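Please look through the sequence and the model below before reading on.

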Amino acid sequence: MQNKGAIRVFAILLALVSLYQLMFTYQTRQEENKAKEIAMGNQQIETNYLDSVANEPIYNFLGLKKYTYRECKEKEINFGLDLKGGMNLILEVRVADILKALSNYNSDPTFNKALQLAEEKEKTSSENFISLFYDSFKELDSEARLAAIFNTVELKGRIDYNTSNDEVIKVVREEAKSAIDNAFNILRTRIDRFGVTQPNIQRLEKAGRVLVELPGVKDPQRVRKLLQGTASLEFWETYELSELVQNLIAANNKVISIENAKAALNKTDKPVEEVETVDSLEVKADEDTADDLLSQLDETETAVDSLAATQTQNSLFSVLNPSQRQTGPLVGYSLAKDTSKVNRYLQMEQVRALFPKNVRFMWTVKPLPPREIDGKMSKDEIFELIAIKVTSHDGRPPLEGDVITNARAETGQRGDYEISMGMNTEGANVWARLTKASIGKSIAIVLDSYVYSYPTVNAEIKGGRSSITGNFTTEEAKDLANILKSGKLPAPARIVEDTVVGPSLGQEAVDSGLSSFVLAFIVVLVYMMFFYGFKAGAVSDIALLANMFFILGVLASFGAVLTLPGIAGIVLTIGMSVDANVLIYERIREEMAAGKGVRLAISDGYKNAFSAIIDSNVTTFLTGIILFVFGTGPIKGFATTLMIGIATSFFTAIFITRLIFEWLLTKKVDIKFGTKLTHGFMKNTKIKFLEKRKLFFIISGIAILISVGSLATHGLKLGIDFSGGRNYVVRFEENVSASDIQSALADEFEGSNVEVKTFGGDNQVRIATNYMIEENGTEVDNTIEKKLYNGLVPTLGADVTFDDFINNYRMSSQKVGPTIATDIKTKAYYSIIFSLIVIFLYILIRFRNWEYGLGAVVALLHDVIIVLGVFSIFYSIVPFSLEIDQAFIAAILTVIGYSINDTVVVFDRIREFLGLYPRRDKIGVVDSALNSTISRTINTSLTTFIVLLVIFLFGGEVIQGFVFALMLGVVVGTYSSLFIATPVAIAVIDRKEKKKVTEK
């Protein structure tokens, strides 16, 4: 074995990196378990504790670096929403809406017809929307000019009546991209407000689409409403801090009084009215500075008794550090974790009464850099509180964002960044009055009730042209310019896919997933020792354990998200990683049977198995890449774990086991590769594969005919991924009748399809409907959930309220809009076709023979058709879901990868035998090659099938259909590798050779 030293070093380094990465997960779990012990079931106490240690070191790496809880949390293995509960959304900012807004909602018939045509084409095309619109516009009227449509105030200076159509489209593309970028930034800012741990927001491939994942969300309806709202850009006048100092002091005292009253009530059990307050302990300020305010507060504390002194820790100024600036609207600073407490204090009725009626307090949207608080550098995020002045009777701002015509980041004369802003005529007039009244004061720029900037007005600004200066970085200047432009494009994000998983269902998924994982792993470990003997089996088991350790370490280092299909991918990897060990061990057994010694047999066994292992791993890895490219969400997670597992299992099976065998041989250990029970398993078989190929073709032909007939008459049960619609999983306290529930819901969802099916236990059902699926709006989902509740009340019981139903009985929900369903279907077709092409090309290149590639593709089509046929025949019979959805497509692609894995191993052995025996009868040589692989094929297939069976039985109902497809694929794929792929390839080769002989 070459380069043993380098392999050892790499293995040690990989193990150390994996250990380092997994320690973050271990440390966060330790801290969270401690929080659970302290909280004793109180979720709020648990959350407060974790917030308090967020910036405290909990992991000291070799004394070199300390990691806080927050830093460890960012580096841990992250569970997907299907495992920990939460909300998964895909939002879309429709490019068509942006184009309408850019045209100022032009009523030109050609323009609007082109938009409609583009939307129709988009359903079946991968082209971007603007290109489809441009093509449609030219098709309708090749002489029409886009400049006449987009020559609006907003685009003045960039488009005029002489601008060509190509130039207009270029400008429109830039503006649409800017609008989408801005929408993404607004969504990201809104998501930060939910306070969830590890939220994820990312752009998707299609323009305007954004994926949002929010773990542990408690109020999905609030999320939908906030994320789908149109951005509201506003300009507000502000109060000076000097105008509010006495009010703030009075508010602080009032908070102390209220908190002390509460504390005294807890101690005396008296009504609040009878408890003596500390209102008399007023604080007088001689100076307006925050230092004086705080020093007087400190003096006040010494004047009260110990209880009052303790309770001043719950004063307003204990969580809001007053500003030290002499002028401006900045009230003070607060840590991120304290902002909710400040809000609660300022919203108290007694406190609110102490301030002018027209004052509002708003937080800045971005935190300040770390700064010194109480003599220490704070690692917490710090936000500023700004005092807003409301001057109108109706409470509206004096100026809104719809008056902005353009805004862009520019470089000033001194090289610093500033924002140039323009307004329309109406806005310019209001802006002039507003800036004249605010000279020397600030105007707050607010979006979604958060302050993005509060520049000081130096002079009255006429004409609507303004410059905002400050210490902006490049990114800050661009962000503010985008925010200012947000008011001119009212294109709200729409939810096109929506999945909610309740925390209890997520925990059950974790339990079932992990239990199936552990059980499957134990089964494989025991099986390998049973079949290949204790020592050889133990070596492969060590490789499997190392493989699991490396997979988890790599997942953690990549920041990958572990989903339930991801766990299935890891468990499937266990079965497939055995394949490499089986290939090696079977070759070693052959070499030993030929009379070679153990050392030479091991060396030659590894050498001869290497080609087949490479081919089988590459083809499966290619399938994983295709899954990753075309899949979304959990399917991408499945592909990630599958690819990582293939890479690590290759390393452990080829190199780790070899190092162990080398070490055992140096210790003179007697190694056997079988037991008395298994030594002769499937040896000396003489099956006439090619001679009986017509029989196998007839069997397969009948299976295909039945499958095609069922597909044509019975069809497939499309999941909402493909059809669009809504799914709800509802759990009841007692067993229920699915048919009774369906009858009740049919009345509520009149005019739409409703399907109710038992899901898992008899007390749980899955409800699917396409009711109002074409409707979009913030209240649509809430309306449907209320109708669902109304239809289920007779079964739930009258004492179950709507809130109880949402929080305790509705375990999960999913919505897929029609447009996203079309995209998923299109991607599914592409992924299957592309995988077949890639595999054909790989086999063509690897074996330099297109006939082998044809045989492989025919076998794969055979497998796919039969699996589809079984799903078509049994979807209305079996007690688990056999819907065609994204998970099924992932299963089909995995079946393709697994089947081609088997086929390539068989082809590799045929190629070897034909090279060794070129003068023997070809049919006899091919049969011998096939018979020599049976032991390996049965072993690998049986191991993988047992692993999948364990997942099917114990992995939970959520992935039963997915795993059933894999089990079916293993059986059909094993059959086709032996009885279809090779006979087809050989039949084509024979016909080709006969044709050549005839021509001669």
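Two strands are said to pair if DSSP finds at least two bridges between them. By that rule β22 (725-731) is joined to β25 by 6 bridges, the two running antiparallel, and β22 pairs with β24 over 6 bridges, again in the antiparallel sense.

How many of the 7 residues of β22 are buried? The number is 6, so β22 is largely enclosed by the rest of the structure; here buried means under 20% relative accessible area, exposed means over 50%, and partly exposed is what lies in between, with a 1.4 Å probe and protein chains only.

## How the model is described

This is a predicted model, in which local features need pLDDT of at least 70 and side-chain atom pairs count only at pLDDT 80 or more, while totals for chains, interfaces and linings use all residues. Residues are numbered from 1 along each chain as its sequence is written, and side-chain values use heavy atoms, with hydrogens and water left out.

The chain has 33 helices and 25 strands, and of its 1000 residues 54% count as buried. Contact means heavy atoms within 4.5 Å; among contacts in the chain between residues at least 6 apart in sequence, 74% join residues at least 24 apart.

## The open sheet

An open sheet is formed by 8 strands in the order β5-β6-β4-β20-β25-β22-β24-β23, with antiparallel pairing. The strands β5 (200-203) and β23 (754-758) stand at the edges with a single partner strand each, so one side of each is left without a neighbour in the sheet. From one strand to the next the twist averages 15°. Strands of a sheet pair through backbone hydrogen bonds, either parallel or antiparallel.

Further along the order, 5 bridges join β20 (residues 494-501) to β25 (residues 810-816), and these two strands run antiparallel. Within this pair Val501 stands opposite Ser812 in β25. Helix α28 (residues 802-809) packs on the sheet, where it touches β22 and β25, and its direction makes about 90° with that of β25. Such angles run from 0 to 180 degrees between N-to-C directions, and the axes are lines fitted to C-alpha atoms, for helices over the stretch in contact. Helix α26 (residues 738-748) lies across β23 and β24 (764-769), running at about 160° to β23.

Helix α27 (residues 780-796) packs against α28 at an angle of about 90°, with their axes 10 Å apart. That makes α27 roughly perpendicular to α28, a term for angles of 65 to 115 degrees, whereas those under 35 count as roughly parallel, those over 145 as roughly antiparallel and the rest as oblique.

The residues of α27 that meet α28 include Leu788, Tyr789 and Leu792, and their partners in α28 include Phe802, Phe805 and Ile806. By class, the contact of α27 with α28 has 8 nonpolar, 1 polar and 2 charged residues; Ala, Val, Leu, Ile, Met, Phe, Trp, Tyr, Cys and Pro count as nonpolar, Asp, Glu, Lys and Arg as charged, and the others, Gly among them, as polar.

## Buried positions in helices

Ala251, in helix α11 (residues 245-268), is buried, with a relative accessible area of 0%. Not counting residues up to four places away in sequence, Ala251 touches Leu316, Val351, Leu354 and Phe355. Ser649, which lies in helix α23, is buried with a relative accessible area of 7%, and, leaving aside neighbours within four places in sequence, Ser649 is in contact with Asn547, Ser577 and Asn617.

## Two loop residues

Where does Tyr105 lie? Tyr105 is in the loop between α5 (95-102) and α6 (109-122), and its phi is near 55°, a positive value in a residue other than glycine. At 49% relative accessibility, Tyr105 counts as partly exposed.

Lys668 lies in the loop between α23 (634-666) and α24 (693-713). Its phi is near 60°, again a positive value in a residue other than glycine, and Lys668 is exposed, with a relative accessible area of 75%.

How values were computed:
Helices (H or I, at least four residues) and strands (E, at least two) are DSSP runs, numbered from the N terminus.
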